[in-house]
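Trainee: Please take a close look at one part of this model for me, the place where the two chains meet. What is found there?

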Amino acid sequence: MNEQRRLVLKAGSSLSLLALAYSSGLLRPGAAFAADWNKAAFEGKNLDEVMKAFGGSAPAESKAIEITAPDIAENGAVVPVTIESKLDKTESIALLVEKNPSALSAQFDIPAGTDPYAMVRVKMGQTSNLIALVKAGGKYFFATKEVKVTLGGCGG
Amino acid sequence: MADPMKIRANLQADGKVLVKVLMSHTMETGQRKDSGGKLVPAHYIQSVTVTHNDKTVLSAQWGPAVSKNPFLGFRFSGGKKGDKLIVKWVDNKGETRTDEAAIG
């Protein structure tokens with residue numbers, strides 16, 4: 001992610017620092033195709049693993065994050081989700097589906113001038129909690145909403 | 001080459017621009033089997049970037065759980081009617097597509 005890049009850039013040509021970054025897992029070999037794609041985060045099975053990949057501490061539950069999604073999704077292949085954060089200095093919004101094979105579905109970086117608001121459609125394998133994970137002012141917050149799925153979306 | 005994206009960018013009454021993008025992509029998870037019982041290799045969009053006047057107004061990273069033919073919606077401030085908006089995606093096979101639209 002960007003922060004990691006900045007860190008590595010700061011380290012500059014100092015090999016020892018680079019080696020340190022490498023050994024501590026900041027630089028992941030075989031990173032995905034899209035330059036900044038956070039492979040570890042997208043392979044995380046649950047919120048804890050995703051948080052570890054983001055490098056953040058445990059998130060706090062927040063009422064200032066609003067998830068709009070159907071209570072019952074007839075078709076798990078297309079579940080429309082809207083996330084809106086009312087937290088100050090929201091930097092990024094991530095959407096996790098707790099019971100999907102990999103929890104993290106999508107992550108949005110919110111630059112200054114862009115509303116902390118994102119709409120996306122995701123697949124849900126089964127009835128599960130949606131987790132909206134918001135990074136605001138350097139801290140992580142989350143909110144959950146359960147969506148009942150009558151027809152799973154991951155078997156095609 | 002994937003089909004073009006459908007991009008709508010509308011100036012709202014509050015002065016913000018509401019952007020809606022519909023992309024054309026199979027978003028294959030890599031977990032689905034075809035009729036012969038073989039796994040269909042994963043093929044999905046990993047990153048999406050939207051720029052307005054050379055400024056990134058949204059960047060997203062996606063996993064295979066985003067639905068087929070993905071939809072993306074967001075709002076940003078500072079756009080004017082007629083301004084150009086550029087949307088680009090890159091998928092896990094390195095394929096990419098860039099489309100643009102004017103704010104209306």
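Mentor: The model is predicted. Between chain B and chain A there are 19 residue pairs in polar contact, with both residues at pLDDT 80 or more. On the side of chain B that touches chain A, five strands each supply at least two residues: strand E2 (17–22), strand E3 (45–52), strand E4 (55–62), strand E5 (71–76) and strand E6 (84–91). E4(B) gives the most to this side, with eight residues. Sorted by class, the side of chain B that touches chain A has 16 nonpolar, 13 polar and eight charged residues.

E4(B) also pairs with a strand of the other chain. Strand E6 of chain A, residues 104–109, is joined to E4(B) by four bridges, and the two run antiparallel. Within this pairing, Gln107(A) stands opposite Gln61(B).

Now the contact as a whole. It involves 37 residues of chain B and 34 residues of chain A. Together the two chains bury about 2700 Å², and 51% of that lies on carbon and sulfur atoms. On the chain B side, the residues that lose the most area to chain A are Gln61(B), Phe71(B) and Arg75(B), which together account for 26% of what that side buries.

The side chains of Arg75(B) and Asp115(A) meet in a salt bridge, at 2.8 Å from N to O. Across the interface of chain B and chain A, three salt bridges are found.

Notes: Residues are numbered from 1 along each chain as its sequence is written. Chains are lettered from A and ligands numbered from 1 in the order in which they are written. This is a predicted model: local features need pLDDT of at least 70, side-chain atom pairs count only at pLDDT 80 or more; totals for chains, interfaces and linings use all residues. Side-chain values use heavy atoms; hydrogens and water are left out. Contact means heavy atoms within 4.5 Å. Buried area is the accessible area (1.4 Å probe) that two parts lose on being put together, summed over both. A salt bridge is a side-chain nitrogen of Lys or Arg within 4 Å of a carboxyl oxygen of Asp or Glu. A polar contact is a pair of N or O atoms within 3.5 Å; within protein, one must be able to donate a hydrogen and the other to accept it, and residues adjacent in sequence count only if both atoms are side-chain atoms. Ala, Val, Leu, Ile, Met, Phe, Trp, Tyr, Cys and Pro count as nonpolar, Asp, Glu, Lys and Arg as charged, and the others, Gly among them, as polar. Two strands pair if DSSP finds at least two bridges between them.
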